[in-house]
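Open the model in your viewer and keep the sequence panel beside it. Each stop below tells you what to select and what is there.

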Amino acid sequence: MSQLEGKTAIVTGASRGIGRAIAIELARAGAKVALVYQNNEAKAQAVAEEIAALPGTAIIVKANVGVSAEARAMVKRVADEFGRLDILVNNAGITRDTSIKKMTDEQWEEVIQTNLNGYFYCMSAAIPFMTEQKSGRIINISSMNGQVAAFGQANYSASKGGIIALTKTAALELARSGITVNTVSPGFTDTDMFSEVPEKIQEQIKGRIPLGRFGKPEEIAKAVVFLAADADYITGQQINVNGGAFM
Ligand code: NDP
């Protein structure tokens, strides 16, 4: 039997990049997966078809996780449709990079709304279902840049550092309900988000990574599947998957 047979999962931001890889790996491990996307329905549908071909089970759900009502309705819809909710992977994230001197309120708020408030809305909506089941696995995707200074990313770094703090408090509060909460923090990973970084800067960054290359989305996904399937006694922790870029 596959490790996650009978389990159900929500992965936000599953139409592309790291979320896509996480959804596929969870499905490969046997979980039924809800793929949450914001705009790219065709890409989300393509991921669902890839999962169906494994074979596996996936549904696609459109929601802006930065809008409380949409995030909460999405979680309820998935729990109702699957009949239970075992795993929540908060992964959807955005960047609006610029120096603090130039950063507008809108750029600050948009990032915090999606990357931090969105994680809270989804967690908050998932907790009642998991509490009733007396079990749950919440995995929050943060970033290396939630732990180190990153020029031009004050909004992003604040959101990602906030996720690490949120994870620890949630882990403490939810442990008695059988729910574990952990963070996976990717380093520079080959996705659309990272492709926005100018090529010259990418080369400089690569030169500073001890393992000498960028991460693959699948390598982040493996850490998530480990936490979902094999980590019963791990909570409030953070796994850095970054090729040694930050130790
Ligand atoms: P991508 O830009 O490749 O994909 C972002 C995903 O998030 C898409 O599926 C997008 O949906 C979805 N999304 C964005 N905003 C919302 C929203 N408001 N509501 C619902 N879904 C939304 O990102 P990555 O795969 O690179 O990043 C995934 C996570 O990993 C993020 O949290 C990021 O901060 C983190 N990370 C990434 C690193 C990297 O180097 N790539 C490094 C460290 C952390 P749609 O397709 O519909 O637009």
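Helices (H or I, at least four residues) and strands (E, at least two) are DSSP runs, numbered from the N terminus. This is a predicted model, in which local features need pLDDT of at least 70 and side-chain atom pairs count only at pLDDT 80 or more, while totals for chains, interfaces and linings use all residues. Residues are numbered from 1 along each chain as its sequence is written, and side-chain values use heavy atoms, with hydrogens and water left out.

**Stop 1: a loop residue with positive phi**

Select Lys 134. Lys 134 sits in the loop between α4 and β5. Its phi is near 60°, a positive value in a residue other than glycine. Is Lys 134 buried or exposed? Lys 134 is exposed, because its relative accessible area is 63%. The classes used here are buried (under 20% relative accessible area), exposed (over 50%) and partly exposed (in between), with a 1.4 Å probe and protein chains only.

**Stop 2: the cis peptide bond**

Go to Leu 54 and Pro 55. A cis peptide bond joins them, with omega about 10°. Pro 55 belongs to the loop between α2 (41–52) and β3 (58–62).

**Stop 3: the ligand**

The shell holds 32 residues, and Ser 15, Asn 39, Asn 91, Tyr 156 and Thr 191 come nearest.

Which elements each supply at least two residues of this shell? They are α1 (17–28), α4 (105–133), α5 (154–174) and α6 (192–195). The largest share, three residues, comes from α6.

Now colour the shell by class. It has 14 nonpolar, 15 polar and three charged residues. Here Ala, Val, Leu, Ile, Met, Phe, Trp, Tyr, Cys and Pro count as nonpolar, Asp, Glu, Lys and Arg as charged, and the others, Gly among them, as polar.

Next, draw distances from the ligand oxygens to the backbone. A polar contact is a pair of N or O atoms within 3.5 Å; within protein, one must be able to donate a hydrogen and the other to accept it, and residues adjacent in sequence count only if both atoms are side-chain atoms.

- Gln 38: a backbone N or O atom lies 2.9 Å from a ligand oxygen.
- Asn 40: a polar backbone atom is 2.8 Å from a ligand oxygen.
- Asn 91: a backbone N or O atom lies 2.7 Å from a ligand oxygen.

How much of the ligand does the protein cover? The protein covers 95% of the 910 Å² of accessible area that the ligand has on its own. Such areas come from the Shrake-Rupley method with a 1.4 Å probe; for residues, only the protein chains shown count as cover.

**Stop 4: the second largest pocket**

Select Leu 4, Lys 7, Asp 86, Ile 87, Ser 135, Gly 136, Arg 137, Ala 228, Ala 229 and Asp 232, which line the second largest pocket. The elements giving two or more residues to this lining are β5 (136–141) and α8 (217–230). By class, the lining has four nonpolar, two polar and four charged residues.

On a 1 Å grid over the protein atoms alone, a cavity is a set of points where a 1.4 Å probe fits but cannot get out, and a pocket is an open set with protein on both sides within 12 Å along at least five of seven lines; lining residues have an atom within 4 Å of a point. About 150 Å³ of space lies in this pocket. Grid points are joined across faces, edges and corners, and a volume is the space filled by probe spheres set on the points.

**Stop 5: two strands**

Select Ser 185, in strand β6 (residues 179–186). Ser 185 is buried, at 0% relative accessible area. Its side chain joins that of Gln 238 in a polar contact of 2.2 Å.

Move to Val 33, in strand β2 (residues 32–37). Val 33 is also buried, with 0% relative accessible area. Val 33 and Ile 10 are 23 residues apart in sequence and 5.8 Å apart in space, C-alpha to C-alpha.

**Stop 6**

Finish at Thr 189, in the loop between β6 and α6. Thr 189 counts as buried, at 4% relative accessibility. Its side chain reaches the backbone oxygen of Gly 187 at 2.9 Å.

Technical notes. A residue is near a molecule or strand if one of its heavy atoms lies within 4 Å of it.
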